[in-house]
Amino acid sequence: MSRAAFTALATLALATTSLAQEAGHVHEGAHAQESAQMQEVGDYAADRYFDPKAMAHAREMMRAEMGDMRFSKVMLNIAEYLPDPKGDGYRWAGQAWFGGDIHRLVLRSEGEGGSDGVDSADVQALYSRAVSRYTDLQLGIRQGIEPHGRTYASLGVQMLVPYWLDVEGAAFLSTHGELLARLEGSYDIRLLQRLVLQPRVELNLAAQDTAATRTGSGLSTAEAGLRLRYEIRREFAPYVGVSWERRFGSTADYWRVAGEGSRSTTFVAGLRAWF
């Protein structure tokens, strides 16, 4: 190879290397500039082309609509009439809640009465938190209205166990040092699309005898009911049924002294509704 040809090839090689290095510097500079722009606008590429505030608002709306929404529900489980030759009565039990899938505010009330007025009633205000897919832990206050104005701290659990059995349990500690507990369970048996048979059981327990409230230690009262409802709509279902109630131990003794029996069987007619 002649000296002129060698010189030409060397010059071409040096020029090519210089151009490649320059192109690399330009690419690195553009990449660094793009990274700096991304850091300025955040982690969302759309913010480079649209108003970041408008995009942040759009993302917040999407987050709310795709799982962070707030709901509310009012559920009247029991609203029933109890015919009785000694005097007709009535009973109610229901709750309302507001919140999301994890955190909720729950208000509850239940009671019963007759022609002479309300015999027993209480209201609860609870903070409810989902601790698993089918279990909520509930903490709050229970206020007795009739017949004794007791105030209780409440700690309970509400869950859906296998085979779609609704179970609730709570412990109550009053300002007088009285410790009570309540267990409830119900199950819906769908006989037809709109005809539902619901067995329901409620047990009340106490840690000590309390003459002021006619409550004995141990298992104080039990109620078992069987209600057949027809769902005109899912949210509106009248029902008929029968309820068995019994008082045990010292509780029964307290009520016998007051002229009341220890057990009763009552036919009921009522309404179950929610919205």
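Visitor: What makes the contact between the side chains of Arg227 and Glu80 a salt bridge?

Guide: The distance from N to O in this pair is 3.0 Å, and a salt bridge is a side-chain nitrogen of Lys or Arg within 4 Å of a carboxyl oxygen of Asp or Glu, so Arg227 and Glu80 qualify. Please keep in mind that this is a predicted model, in which local features need pLDDT of at least 70 and side-chain atom pairs count only at pLDDT 80 or more, while totals for chains, interfaces and linings use all residues. Residues are numbered from 1 along each chain as its sequence is written, and side-chain values use heavy atoms, with hydrogens and water left out.

Visitor: Which parts of the chain does the pair of Arg227 and Glu80 link?

Guide: Arg227 lies in strand E11 (residues 218-230) and Glu80 in strand E1 (residues 71-82), so the pair joins distant parts of the chain, 147 residues apart. Strands here are DSSP runs of E with at least two residues, and helices are runs of H or I with at least four, numbered from the N terminus.

Visitor: Are Arg227 and Glu80 buried or exposed?

Guide: Arg227 has a relative accessible area of 3% and Glu80 has 4%. Buried means under 20%, exposed over 50% and partly exposed in between, with a 1.4 Å probe and protein chains only, so Arg227 is buried and Glu80 is buried as well.

Visitor: Why does the contact between Glu223 and Arg227 count as a salt bridge?

Guide: The closest N and O atoms of Glu223 and Arg227 are 3.8 Å apart, which is still within the limit, so the pair counts. Both of these residues are buried. Salt bridges that share partners join Glu80, Arg91, Glu112, Glu184, Arg200, Glu202, Glu223, Arg227 and Glu245 into one network. Within it, the side chains of Glu202 and Arg200 meet at 3.1 Å, N to O, and both are buried. By this rule the count comes to 21 salt bridges.

Visitor: Why is the aromatic pair of Tyr90 and Trp92 called stacked?

Guide: The ring centres of Tyr90 and Trp92 are 6.4 Å apart and the planes stand at 20 degrees. Rings of Phe, Tyr and Trp (its six-membered ring) pair if their centres lie within 6.5 Å, with planes under 30 degrees apart counted as stacked, over 60 as edge-to-face and the rest as tilted, so Tyr90 and Trp92 are a stacked pair. Tyr90, at 31% relative accessibility, is partly exposed, as is Trp92, at 24%.

Visitor: What makes Tyr152 and Phe172 an edge-to-face pair?

Guide: Their rings are 6.3 Å centre to centre, with 70 degrees between the planes, so the pair passes both tests and counts as edge-to-face. Tyr152 sits in strand E6 and Phe172 in strand E7, 20 residues apart, and both residues are buried. A search of the whole structure finds two aromatic pairs.

Visitor: How do you know that Tyr163 is exposed or buried?

Guide: Tyr163 has a relative accessible area of 72%, which is over the limit for exposed, so that is what we call it. This residue, found in the loop between E6 and strand E7 (165-174), also has a phi near 70 degrees, a positive value in a residue other than glycine.
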